[in-house]
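I opened my notebook for a friendly walk through this structure. Here is what I looked up, entry by entry.

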Amino acid sequence: MSDGTSPHGFSVVICVYTEDRWEDILAAVDSVRKQSLPPLETLLVVDHNERLLSRLAEEYANERLHGKVRVLANAGPRGLSAGRNTGIAVSRGEFVAFLDDDAVAERDWLHHFAAAYDDPHVMAVGGRTLPVWASGRRPAWFPEEFDWVVGCTYRGLPPGRVPVRNVLGGNASFRRTAFDAAGGFATGIGRDGDRRPLGCEETELCIRLSKALPRAILLIDDRAVIHHKVPTARERFDYFRTRVYAEGLSKALVARSVGAQKGLESERRYTTRVLPAGILRGMGDALRGRSGGAGRAGAIVTGVTLAAGGYALGQLRARRGGTTFSWGPIERAEDRTPDRHAEAEERTPDVTRSPDTLAAEGAAS
């Protein structure tokens, strides 16, 4: 594996959208700067927020001159998927890694990603995401089996470096050629700030990638660790309910796109093995008088019920016609080294429509 000073290194993409996370953004960039394997570049993609765009361009003006940090505007529609596609399009590295804007990576994060790519069939590598609760501790009722609700690694994923169906987008990396084969992240699905807690865009991409490249290997390595902030609002049960319901809607979109067999392959094991074990564990804790046991068991039951309801409604809306999402090839942008304003306002096409553009229906905003 070449080091980060060559074009064979990592481009790290951090998508940002609000000044409310200013200190978090700086901490995320700083954690990338301190990697034991230096990245080729860090790309900050700003999602339709001109003030934040200008402020970040000024903050990192000196590092831009040395090609270390580049500040870009999301060139597509509002949302996380288009922001990621913008970063991919301008990336210079052989590998593209994604880090959430409210997370910090441990020092060897990129090093562990890089080691897995020694196998040329490996197309994606994800890591382990640990929650940093705003209250200082996990809510007693919040089951580890549902840590995906707050963007973190959940109980039930296998340990070590192991093959998976899909990586989790906030702590993931891809070989740049994966996007040449499969296209970019689908727009119309996934996050749009805090307004629509849909997800599954990385699941859909990974399944599409495996179809495009049948010999592709996708891995998670639990040594590639990041620490992800969980704000107070997301520690509450009302957010939990909203998020799991939205996940059901999202899964309906994915199943509509790639078929229920692939789209729900991992979820079947999760719902038939992992979650029943979690319910039993919670009830066992309750019988022993341990705090939160009954609450965790109840949250699991509630989560399954709401996700199933969201999925059923998503399928119904799919048959009647609803929100569409699409993807297409990502065109690599030519390298540019303009002044600050030209850099900040670069508008790189993120998704180019083609005759093969996918349209899938099912979720409502």
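The entries below go from ground rules to helix, rings, loops and a pocket.

**Ground rules.** I am working with a predicted model, in which local features need pLDDT of at least 70, side-chain atom pairs count only at pLDDT 80 or more, and totals for chains, interfaces and linings use all residues. Residues are numbered from 1 along each chain as its sequence is written, and side-chain values use heavy atoms, with hydrogens and water left out.

**Helix α4.** I looked up how covered helix α4 (residues 80-90) is, and eleven of its eleven residues are buried. Buried means under 20% relative accessible area, exposed means over 50%, and partly exposed is in between, with a 1.4 Å probe and protein chains only. Helices (H or I, at least four residues) and strands (E, at least two) are DSSP runs, numbered from the N terminus. Among the buried residues of α4 are Leu80, Arg84 and Val90. The cover over them includes β1 (10-16), β2 (41-46), β3 (69-73), β4, α6 (176-182) and α7 (201-212).

**Arginine 84 and its rings.** Next I followed arginine 84 to the rings it lies over. Arginine 84 lies over the face of phenylalanine 98, 5.7 Å from the ring centre, and over the face of phenylalanine 185, 5.1 Å from the ring centre. For a charge to sit over a ring, NZ of Lys or CZ of Arg must be within 6 Å of the ring centre and within 35 degrees of the ring normal.

**Aromatic pairs.** How many aromatic pairs does the structure hold? I found 19. Rings of Phe, Tyr and Trp (its six-membered ring) pair if their centres lie within 6.5 Å; planes under 30 degrees apart count as stacked, over 60 as edge-to-face and the rest as tilted. Phenylalanine 98 and phenylalanine 174 are edge-to-face, because their ring centres are 6.2 Å apart and their planes stand at 70 degrees. Phenylalanine 98 lies in strand β4 (residues 95-99) and phenylalanine 174 in strand β8 (residues 171-175), so this pair ties together parts 76 residues apart in sequence. Both phenylalanine 98 and phenylalanine 174 are buried. Phenylalanine 179 and phenylalanine 185 make a tilted pair, at 6.2 Å centre to centre and 40 degrees between the planes. Phenylalanine 179 is buried at 2% relative accessible area, and phenylalanine 185 is buried at 1%. I also noted one aromatic cluster, with Trp133, Phe142 and Tyr270 among its members.

**Two loop residues.** Aspartate 108 sits in the loop between β5 (103-105) and α5 (109-116), and is partly exposed at 33% relative accessible area. Leaving aside neighbours within four places in sequence, aspartate 108 is in contact (heavy atoms within 4.5 Å) with Gln35 and Ser36. Histidine 48 belongs to the loop between β2 and α2 (50-59). Histidine 48 has a positive phi of about 55 degrees although it is not a glycine, and is partly exposed at 38%.

**Second largest pocket.** Helix α10 (residues 265-287) gives the largest share of the lining, four residues.
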